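Reader: Good morning. I am new to this entry; could you please take me through it step by step?

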Amino acid sequence: MAINEHARIRLAIIQKKYGKRLAQGASGADLPDRRARFNADFQRILADIIAPTCEAIGSELAASGHSCRLEQDVGEQTPSLEFHILLQGVPADANNLIRLFSRADAEGDGEVIAEVNVGQTLTELTRFRVLSRITQEVAEQMCVDAIEHVFACNAR
């Protein structure tokens with residue numbers, strides 16, 4: 001089935017209008033700049049949303065006798081945050097960690113990976129390619145879900 005002449009003309013105009021921009025974006029010519037912007041935006045989200053959320057959750061845990069430690073950019077080439085969960089009754093050297101980091105080798109602008117590490121078992125929580133999706137509510141739910149996992153694994 002052939003398309004009508006009007007649709008064919010519109011398609012030609014659309015391709016001419018947007019084609020060069022698409023080709024530039026796909027070529028990766030400005031990839032280092034886009035990655036730098038992505039990482040700068042992620043650092044802002046770490047400071048403005050994720051770290052305060054972890055601190056508030058840590059305060060709640062502290063009220064029950066547990067403790068937490070928050071570390072940023074630990075041994076990373078890209079922005080990262082480590083939220084160490086120190087549970088009462090669990091050895092201090094136990095590895096109970098929630099970690100978020102920007103993946104340097106991701107395609108496109110970048111990618112943020114959130115994971116929880118209990119003992120030597122690493123579980124991926126989620127990935128973000130669109131940073132605007134990391135809201136306070138999302139960060140809070142993600143951390144609470146990870147903490148439930150930490151508690152469950154340590155209560156065996």
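**Surface and overall make-up**

Author: The protein chain exposes about 9,800 Å², and carbon and sulfur atoms supply 52% of that area. Accessible areas come from the Shrake-Rupley method with a 1.4 Å probe; for residues, only the protein chains shown count as cover. This is a predicted model, in which local features need pLDDT of at least 70 and side-chain atom pairs count only at pLDDT 80 or more, while totals for chains, interfaces and linings use all residues. Residues are numbered from 1 along each chain as its sequence is written, and side-chain values use heavy atoms, with hydrogens and water left out.

Reader: How many helices and strands does the protein chain have?

Author: The protein chain has 3 helices and 5 strands. From the N terminus on, their order is α-α-β-β-β-β-β-α. Both kinds of element are DSSP runs numbered from the N terminus: helices are H or I with at least four residues, strands E with at least two.

Reader: And what percentage of the residues count as buried?

Author: Of the 156 residues of the protein chain, 33% are buried. Buried means under 20% relative accessible area, exposed means over 50%, and partly exposed lies in between (1.4 Å probe, protein chains only).

Reader: Let us turn to the sheet. What is the order of its strands?

Author: The sheet is open, has 5 strands in the order S1-S2-S3-S4-S5, and is paired in the antiparallel sense. Strand S1 (67-72) and strand S5 (121-128) each have a single partner strand, so one side of each is left without a neighbour in the sheet. On average, neighbouring strands of this sheet are turned by 15° against each other, direction ignored.

Reader: What holds paired strands together in general?

Author: Strands of a sheet pair through backbone hydrogen bonds, either parallel or antiparallel. The rule applied here is that two strands pair if DSSP finds at least two bridges between them.

Reader: How many bridges join S1 to S2, then?

Author: There are 6 bridges between S1 and strand S2 (residues 80-86), which run antiparallel. In that pairing, Ser 67 stands opposite Leu 86 in S2.

Reader: Which strands does S4 pair with, and over how many bridges?

Author: S3 and S4 pair in the antiparallel sense over 8 bridges, with Phe 101 having Ile 113 in S4 as its bridge partner. S4 and S5 are also antiparallel, over 7 bridges, and Asn 117 stands opposite Leu 122 in S5. S4 and S5 form a hairpin with 2 residues between them, and Gly 119 in the turn has a positive phi of about 65°.

Reader: Is S4 itself enclosed or open to the outside?

Author: In S4, 8 of the 8 residues are buried, so this strand is largely enclosed by the rest of the structure. Glu 111, Ile 113, Glu 115 and Asn 117 point one way, while Val 112, Ala 114, Val 116 and Val 118 point the other way.

Reader: What lies across the sheet?

Author: Helix H3 (residues 136-154) lies across S2, strand S3 (96-103), strand S4 (111-118) and S5, running at about 25° to S4. For such angles, axes are lines fitted to C-alpha atoms, for helices over the stretch in contact, and the values run from 0 to 180 degrees between N-to-C directions.

Reader: Which residues does Ala 146 contact?

Author: Ala 146, found in helix H3, is in contact with Ile 98, Val 116 and Leu 125, leaving aside neighbours within four places in sequence. Contact means heavy atoms within 4.5 Å. Ala 146 is buried at 0% relative accessibility.

Reader: Now the nonpolar core: which residues touch the most other members?

Author: The largest nonpolar core has 31 residues, and Ile 50, Leu 81, Phe 83, Ile 85, Ile 98 and Leu 100 touch the most other members. Helix H2 (31-62), S2, S3, S4 and H3 each give two or more residues to this core, and H2 gives the most, with 10 residues. A nonpolar core is a set of buried Ala, Val, Leu, Ile, Met, Phe, Trp, Tyr and Cys residues joined through side-chain atoms within 4.5 Å.

Reader: Finally, how many disulfides are there?

Author: The count is 0 disulfides, a disulfide being a pair of cysteine sulfur atoms within 2.5 Å. For Cys 54, the nearest cysteine sulfur is that of Cys 143, 3.8 Å away. Cys 54 counts as buried at 1% relative accessibility. For Cys 68, the nearest cysteine sulfur is that of Cys 54, 8.5 Å away, and Cys 68 is partly exposed at 25% relative accessibility.
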